[in-house]
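Hi everyone, thanks for coming along.

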Amino acid sequence: MKLVIGIVRPEKANDVLEALYRAEVRGVSMSRVQGHGGELDRVETYRGTTVKMGLSEKVRFEIAVSDDFVETTIEALCDGARTGEVGDGKIFVVPLERAIRIRTGEADRAAVTPVSG
Amino acid sequence: MAVPFAAAAGAIDAGDTAWMLAATALVLMMTPALGLFYAGLVRSKNTLNTFMMSIAAIALALVTWAAVGYSLAFDGSGSIVGGLHHAFLHGVGFAPRAGTHIPQLVFFAFQATFCIITVALVSGAVVERMRFGSYLVFAALWSVLVYAVLAHWAFGGGWLQAHGTLDFAGGVPVEMGSGFSALAAALVVGARKDYGRQALLPHNAVYVLLGAGLLWFGWFGFNGGSGFGVNREGVLAFSNTLITPACTLVVWFALDLLRGRKVTAIGAATAIIVGCVAITPAGGYVSPGWAMALGALAALPSYAIIVWRPRTRVDETLDVLAAHGTAGFFGILFIGVFAQVAWNGVSNGIAYGDARQLLWQALAALAGPAYAFTATFVLLKLVGAVMSLRAAELEEAVGMDVTQHGEEAYASGEGAILVTTEAGVDGPRPVAQPEPA
């Protein structure tokens, strides 16, 4: 089992969801985060105050999958999130010790396998 | 008829002038209110850009109106456009405007606020994708080439008014003018890149309701001031502006219930606008009873178009055509049927024995939209030949607030690195960035 974390542009979040859905990866959490990944800073001006915005809005996907779904998930994230410009985001894959489905108490692989039907 | 309202011809009336000063301020407020209404209807990343399109309308339309627009609309009674004798407000002073008891300067100011809001209304068709610079050029030209011409036709002694078309407060120039121009603008500028692929939802329904409420409030100046004084038609229009939108709201609630079993807030805000628009041309001409019927009936075509339009490929984003074009069209025709001399002292509609009135209303309902659509279409094609109308796809994706204005509506301030301040700090001093090692 792995936890796949994808940090992507907010405007690509819908495309990512669509790609994940098509790849039959179900069970996704997402949250809005702010981050910095080497893209050029935006300059904003509020009256006399000019600032460089060092952090950009990003969306963070967290997807727990069984090992044979890791590659599919990564591909879907890349497909959905890529624009080719700096700032497209990153994917981190980390080992996952345990997973439990609260409703049934199923553990691990069974817990991260979507319920069919 | 025995109620003495009017002062002697050719004299300034203090009461009339006082009311028109207040009414002008009320109508000016409608434009920021529209900005709020529109801003709530777009996605959060486009809030400021959408609002700024309305604010820019105040800046540009006021300048063009003072320069040439007012003169083209209200100088003389040429059939298509007026003259240029009032260009740059030449000869616009304290003497009363013909047919009123208010100084021409007040008349100019009141009419200026109409031009401003109409320009702002059109922006609803192109929000979330049109480059701000191109919008500024378009708005300035549109205010003269489209609005001033239509205003002349309906209000300034142009061919529609001369033949007897009744338009109390702007069914032709303001409502149909903006609605059908919006359709043309949406077609020329094209749909947002995500239109039809993703759900593009309003980001703040409270703004939408508050904006609609403030628009309604301002509309008392808009319609109530279109009698140009404290007189019978002004009073009639004022009270009609109160009751018509209420009837539209009730019918809208019923339609919402029938369609989705729930009464929606954004639907209610829309209904307020539709009701106010419908009574705009008819305000001073129909009885309060018919005004209620107008409010109820006008809901139907606008509702139908609002439900149908998003299923088409036409991204007329904020439904200016449905809310303004359609309801204005309906209101203009309604006069031709239910106008009553007993209430307006001018003309009867066909239901009260005068078929010609309906004919002239129908002509206005065809000519106004035809000119607005065609002129806007050509104008935008020409502007588009010189500069690009749309933001780049990436800019549209990131959002128009940051890319067009370098600001965010909901800036968190986290991660902001200070570059300059007003306080005159020596050189840029980053405060939110770690010292370089």
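One definition before we start: two strands pair if DSSP finds at least two bridges between them. And please keep in mind that this is a predicted model.

Let's begin with the sheet in chain A. Four strands make up an open sheet with antiparallel pairing, in the order S2-S5-S1-S6. At its edges are S2(A) and S6(A), residues 89–95, each pairing on one side only. On average, neighbouring strands here are turned by 20 degrees against each other, direction ignored. If you'd like one pair to look at, take S2(A) and S5(A), which are antiparallel and share seven bridges.

H2(A) lies across S1, S5 and S6 of chain A, and runs at about 5 degrees to S1(A).

Which residues of helix H1 of chain A are buried? They are A:Ala13, A:Asp15, A:Val16, A:Ala19 and A:Leu20, in a helix that spans residues 13–22. They sit on the same side of H1(A), because they cover an arc of only 160 degrees around the axis. A reminder that helps here: an α-helix has 3.6 residues a turn, so residues three or four places apart point the same way. Among the elements covering those buried residues of H1(A) are strands S1 (2–8), S2 (29–35) and S5 (56–65), along with helix H2 (70–81), of chain A.

How do the two helices meet? The axes of H1(A) and H2(A) come within 8 Å and cross at roughly 145 degrees, and the crossing is right-handed. From H1(A), the residues involved include A:Val16 and A:Leu20, and from H2(A) they include A:Ala76 and A:Leu77. By class, this contact has six nonpolar, one polar and three charged residues.

Last stop, the place where the two chains touch. Chain A and chain B contribute 19 residues each. On the chain B side, helix H14 (393–398) and strand S1 (416–420) each supply at least two residues. The largest share of that side, five residues, comes from S1(B). The chain B side divides into nine nonpolar, six polar and four charged residues.

Definitions and conventions:
Residues are numbered from 1 along each chain as its sequence is written. Chains are lettered from A and ligands numbered from 1 in the order in which they are written. This is a predicted model: local features need pLDDT of at least 70, side-chain atom pairs count only at pLDDT 80 or more; totals for chains, interfaces and linings use all residues. Two residues are in contact if their C-beta atoms, placed from the backbone, lie within 7 Å. Ala, Val, Leu, Ile, Met, Phe, Trp, Tyr, Cys and Pro count as nonpolar, Asp, Glu, Lys and Arg as charged, and the others, Gly among them, as polar. A residue is buried if 20 or more other C-beta atoms lie within 10 Å of its own, exposed if 12 or fewer, and partly exposed in between; C-beta atoms are placed from the backbone. The arc is that of the directions from the helix axis to the C-beta atoms. Axes are lines fitted to C-alpha atoms, for helices over the stretch in contact, and angles run from 0 to 180 degrees between N-to-C directions. A crossing is left-handed if the near helix is turned anticlockwise from the far one by less than a right angle, and right-handed if clockwise.
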